[in-house]
Amino acid sequence: MDVWSKNLPWWVVSILLLCVFQSVSGQIRYSIPEEMRKGLFVGDVAKDLGLDVKRLVSGRARLVINDNNQYVALNVNKGHLVVSERIDREKLCSKKSPCSFSLEIVLEDPLELFSVTIEIQDINDHAPAFSKKEIKLEISESTPTGTVFLLDSAADPDVGINSLQSYSLKPTDNFVLKQHTRADGSKYTEMVLQALLDREKQSEHNLILTAEDGGEPQRSGTVKIHVNVLDANDNAPVFTESIYKASVIENALLGTVVAKVSAIDADQGYNGNVTYSFTHLEEDSTSPFQMNPQTGEVKITGAIDYETSQNYEINLQAKDPWGMTGASKLFVDIIDVNDNSPTVSMTSYSGKISEDSAHGTVVALISVHDKDSGKNGQVRLNIDENLPFKIKTSLRNYYTLITDRTLDREKQSSYNITLTATDEGFPSLSSRKTVILDVTDVNDNAPTFIKSVYSTQVIENNAPGLSVLRIQATDPDMGQNARISYFLIDSEINGNPVSTYFSIDAEKGVIHSVRSLDYEQIKEFKIVVRAQDGGSPPFSSNSTVIIYVQDQNDNAPQVLYPVQSGGSLVAEMVPRSADVGYLVTKVVAVDVDSGQNAWLSYKLQKATDRALFEVGLQNGEIRTIRQVTDKDVVKQRLTVIVEDNGHPSRSATVNVNVAVADSFPEVLSEFTDFIHDKEYNDNLTFFLVLALAVVSFLFITCLVVIISVKIYRWKQSRLYHSSLPVIPYYPPRYSDTLGSGTLPHVYNYEVCRTMDSRSSDIKYMQPINQSLVSVDSAGNDTLTLQRENKSGDISQMSTLVS
């Protein structure tokens with residue numbers, strides 16, 4: 001059992017433990033006795049407010065108490081209000097009754113506020129006590145019966161029935177008590193002389209004054225009264241007024257005279273001297289006043305605060321030298337002045353808000369208090385009008401700060417909000433509190449590329465992994481919402497996915513070449529890059545990247561004509577009657593590069609007779625530079641080098657065989673040796689050794705083959721005189737050079753061969769301007785000449801070279 005329950009009967013304890021609550025508009029009230037142990041049950045707020053315990057947990061329920069003392073605590077898991085600190089009603093409220101304190105229960109998401117009032121019931125834990133252990137009185141023996149003597153009052157900090165209720169005096173031979181009650185309910189007593197005193201019979205009287213309260217069990221306190229009987233003093237002092245009234249403003253200066261009292265004693269001389277004093281001051285009284293015992297002036301000697309006490313009632317006493325006294329009262333009213341500035345406290349404030357919050361979103365719950373009263377205690381709360389917020393009144397002294405306009409973190413990421421609380425006093429007082437509100441980011445902006453189209457150049461034949469270009473996008477959001485990743489949009493280039501040509505660093509935006517590029521295949525790449533942020537949902541934007549491939553001189557010129565093949569040997573025929581400038585042939589070459597890399601020049605590198613031929617630098621035409629004579633050898637070999645204009649330049653060489661002769665048989669005799677020389681190679685020794693090894697076998701085989709060949713030739717000679725098909729031969733890619741590349745004019749060279757040229761006779765046309773000799777070295781040596789007459793008709797001839 002705790003202290004208070006030991007001192008109270010069971011039916012009183014039952015009444016005090018009953019929690020009376022009222023839930024009206026979110027307000028409840030409980031009543032508990034003082035001195036309860038820590039942890040004892042106060043009330044079930046969850047049940048009384050009609051709330052689910054889960055709502056208390058999810059709403060992060062907490063108590064807001066204006067006082068610094070946390071007398072109660074909230075058990076969120078059970079929804080119970082329990083005692084967290086011993087409550088002393090006398091310390092909390094002194095003589096104030098009823099004694100109570102208020103608190104608020106705050107819930108968030110959504111914000112809810114409930115007011116709770118807890119009334120503290122008094123228990124009889126204090127006994128009445130006198131400020132002095134002994135009261136000394138000096139009374140003249142001539143004092144008439146009925147004279148009243150004021151006695152010091154006992155102090156009992158309890159209230160109600162537990163406070164001071166009655167006084168008693170023993171013995172009562174000469175004196176009796178007369179009990180009085182003040183306007184505030186406190187009691188004081190006067191001792192009345194009921195029988196005359198006789199100093200000669202008894203000069204001293206010792207009495208016991210007992211003060212008792214009405215608690216259960218009853219408590220009491222005593223004080224001794226020592227009465228010294230004096231010789232006669234016929235008149236007692238009398239105050240000029242029965243009640244004095246005065247008023248003074250709070251915070252008045254020390255020494256200020258509040259009132260001046262006076263009393264008159266009808267006695268003369270020494271017996272008429274009067275001294276003034278206060279009486280009935282309680283032991284714990286801290287009176288801010290002091291009386292001058294000689295003049296009767298009441299001055300301020302301590303701090304006067306209207307918020308602590310609004311008025312004072314002071315008992316006055318005037319006493320002559322012989323102990324006769326007179327009594328009066330002084331009422332001092334304290335006038336309130338506006339001496340307290342409002343206080344602003346943030347009851348609920350997280351310090352941040354999302355930029356997509358709707359209008360009217362609650363940012364903070366603010367409480368404002370002013371200790372002054374009346375208009376001095378009425379407070380207005382304001383903020384800067386330029387801010388996207390406004391103040392809305394709530395319960396009692398509570399305000400809510402809500403959004404008034406749309407927020408945009410990208411324009412302003414935080415706000416310094418100054419709350420100004422101003423009272424209605426004159427002059428008004430105000431206080432300010434500045435809080436910082438951070439605006440949290442939401443993903444409401446898409447990445448933006450610095451350029452809508454990027455372009456760059458890459459030289460062909462680059463190394464795989466080459467960094468081609470870096471693109472960059474910006475996002476005004478922050479954090480994950482501003483984290484940008486880069487991707488290539490899936491597309492096809494020449495039927496291949498773009499990823500086979502390029503890749504991109506997802507974080508840095510650097511585009512790399514996956515493989516080596518070839519200008520001759522693709523000259524320009526157009527790809528689309530996407531920048532995507534890391535928000536949810538993500539936002540993205542696209543940009544176009546154009547990559548131009550620059551040509552490099554990586555291709556050597558290709559000779560289209562004359563055709564160089566291992567199976568046959570082409571020879572140009574020049575008549576011995578050819579004049580200076582005679583067009584022998586034209587070297588045709590192309591370069592798949594572009595620009596100056598494809599500009600070709602022709603030079604005569606080697607020649608059998610350099611004084612006979614020259615090559616056109618730009619057109620590749622081979623012409624005679626002097627008159628052809630009979631002394632010139634029939635077989636002429638020219639080596640022409642074709643170079644491009646690149647850096648470094650690339651080249652190709654071509655061998656041109658020229659036959660200087662007027663008749664075809666003359667050509668055959670010269671080129672037969674040429675053909676056999678061409679086929680000679682360094683492997684001759686190997687074949688000779690091999691031939692010796694198999695000579696025995698070949699001897700027998702050759703006899704059979706010779707007989708077969710003779711029969712075969714006889715049959716073929718009969719077929720030779722018939723009409724034979726002609727197969728045209730075109731130099732590769734030559735026909736595509738019409739009007740483009742390095743050929744300024746159109747040249748058409750055509751070689752015709754028969755199906756079989758094994759014949760011993762030669763058919764040929766009359767000498768023409770141009771002729772072509774082709775020697776086939778693929779087993780059967782055949783020389784083919786093509787001539788073109790002036791009318792453009794083509795005649796052909798073939799002969800067997802044995």
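The structure holds 11 aromatic pairs. Rings of Phe, Tyr and Trp (its six-membered ring) pair if their centres lie within 6.5 Å; planes under 30 degrees apart are stacked, over 60 edge-to-face, and the rest tilted. Two of the pairs are tabulated here.

| Pair | Centre to centre | Angle between planes | Class |
|---|---|---|---|
| Phenylalanine 239 and tyrosine 244 | 6.3 Å | 75° | edge-to-face |
| Phenylalanine 449 and tyrosine 454 | 6.3 Å | 75° | edge-to-face |

This is a predicted model: local features need pLDDT of at least 70, side-chain atom pairs count only at pLDDT 80 or more, and totals for chains, interfaces and linings use all residues. Residues are numbered from 1 along each chain as its sequence is written, and side-chain values use heavy atoms, leaving out hydrogens and water.

Phenylalanine 239 is buried at 8% relative accessibility. Tyrosine 244 is buried too, at 6%. Buried means under 20% relative accessible area, exposed over 50%, and partly exposed in between (1.4 Å probe, protein chains only).

Arginine 515 lies over the face of tyrosine 501, 4.1 Å from the ring centre. Lysine 523 lies over the face of tyrosine 519, at 4.9 Å. The criterion is NZ of Lys or CZ of Arg within 6 Å of the ring centre and within 35 degrees of the ring normal.

Of the chain's 802 residues, 44% count as buried.
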